[in-house]
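The structure is shown first, and the description follows it.

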Amino acid sequence: MLLDERPKTSRADLYDRDEELNDILSNIDKPLIVVTGIRRIGKTSVINVALNEVGVPYVLIDCRSLRDNYGRSDLYRLISNALSSSLDKLIDILRRIRGGISIMGNAVEIRWRGGREQINLAELFDRLNERRIVIAFDEAQRLRGGPLSGEVLNALAHAYDFDRNITFILTGSEVGLLYDFIGVEDPNSPLFGRYFHEVRIDRFTRDESIDFLRRGFRELNIDVPMSIIEEIVNAFDGIPGWLVYAANAYIRGCWGSIHD
Ligand SMILES: Nc1ncnc2c1ncn2[C@@H]1O[C@H](COP(=O)(O)OP(=O)(O)O)[C@@H](O)[C@H]1O
Ligand SMILES: [Mg+2]
């Protein structure tokens with residue numbers, strides 16, 4: 001359904017992003033792909049669909065929930081949760097990682113507290129590298145700042161150089177902050193001078209926005225006057241997330257109050 005308010009996961013529900021998807025899929029052998037675009041433009045949707053089509057195991061780490069100055073337990077919990085979500089595809093790799101990781105039922109736990117069993121991020125990447133894998137950090141600019149950001153960046157740079165089976169995908173709404181974080185132009189950054197492939201997600205054109213809404217409403221068998229579609233398109237200038245939001249507001253009968 002085009003007008004579903006959650007991030008899309010299948011190409012059939014994603015309007016007009018074939019070019020961006022194919023760009024990602026045909027560059028998936030590169031070590032680093034960066035997907036940029038403003039909030040609600042469809043970055044998460046595009047990487048969800050790409051990851052579902054890529055045909056190799058992946059881990060999707062949603063950095064939105066990281067607090068400022070996140071600590072090690074925050075980061076490891078996030079990665080543990082992401083590994084747990086992909087457990088069915090990763091179970092073979094994870095089982096062979098000795099020490100530092102335990103699997104209990106459907107949950108993966110990364111051990112980071114002292115003792116011999118601990119594992120750091122670079123080691124984790126090295127071990128995931130045993131087989132082809134894609135590791136995506138959604139809203140990766142959230143990794144910036146705080147005591148661990150240097151370690152995260154070092155681990156990414158280490159994996160970029162040595163872990164040939166890993167492809168990283170980073171997305172970011174705040175492009176300046178994201179580029180600041182990876183620092184490919186900053187001689188002091190561990191990722192300095194590394195090549196990455198950028199995929200930019202842009203607004204729909206006016207015609208695309210209109211076509212998108214018409215198809216979306218048609219799928220739901222809802223008849224909507226062209227004047228309403230134009231009102232929505234005029235208000236939201238090609239940003240799919242807001243078009244979907246407004247369409248759903250109309251369906252719920254509250255477009256008028258938002259629009260006024
Ligand atoms: N190309 C698209 N076709 C259909 N719906 C889309 C498209 N792009 C985004 N959306 C919808 O817009 C909303 C925001 O998308 P999302 O992927 O979360 O954007 P971002 O991650 O850039 O903030 C979601 O409801 C999603 O379903
Ligand atoms: Mg997103």
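## Location of the ligand

The model is a predicted one. Two helices each give two or more residues to the shell around the ligand, namely helix 2 (43-53) and helix 10 (240-251). Of these, helix 2 provides the largest share of the shell, with 3 residues.

The position of the ligand can also be described by domain. Residues of the shell come from both domain 1 (17-200) and domain 2 (206-259), so ligand 1 lies between the two.

## Composition of the shell

There are 22 residues around ligand 1, and Glu5, Arg6, Lys8, Lys43 and Ser45 come nearest. By residue class, the shell comprises 9 nonpolar, 4 polar and 9 charged residues.

## Polar contacts and burial

Oxygen atoms of ligand 1 take part in contacts with both side-chain and backbone atoms of the protein. On the side-chain part, a polar atom of Lys8 is 2.5 Å from a ligand oxygen atom; Lys8 is also among the residues that come nearest to ligand 1.

The backbone contributes through Gly42, where an N or O atom lies 3.0 Å from an oxygen atom of ligand 1. At Ile41, a polar backbone atom is 3.4 Å from an oxygen atom of the ligand. Taken alone, ligand 1 exposes 560 Å², of which the protein buries 95%.

Note on methods: Residues numbered from 1 in each chain as written. Chains lettered and ligands numbered in written order. Predicted model: local features only at pLDDT ≥ 70, side-chain atom pairs only at ≥ 80, totals over all residues. Heavy atoms only, no water. Near = heavy atom within 4 Å. Polar contact = N/O pair within 3.5 Å; in protein donor to acceptor, adjacent residues only side chain to side chain. Areas by Shrake-Rupley, 256 points an atom, 1.4 Å probe, with all protein chains shown as cover. Helix = DSSP H or I, 4+ residues; strand = E, 2+ residues; numbered from the N terminus. Nonpolar A, V, L, I, M, F, W, Y, C, P; charged D, E, K, R; others polar. Domains from an automatic or database assignment.
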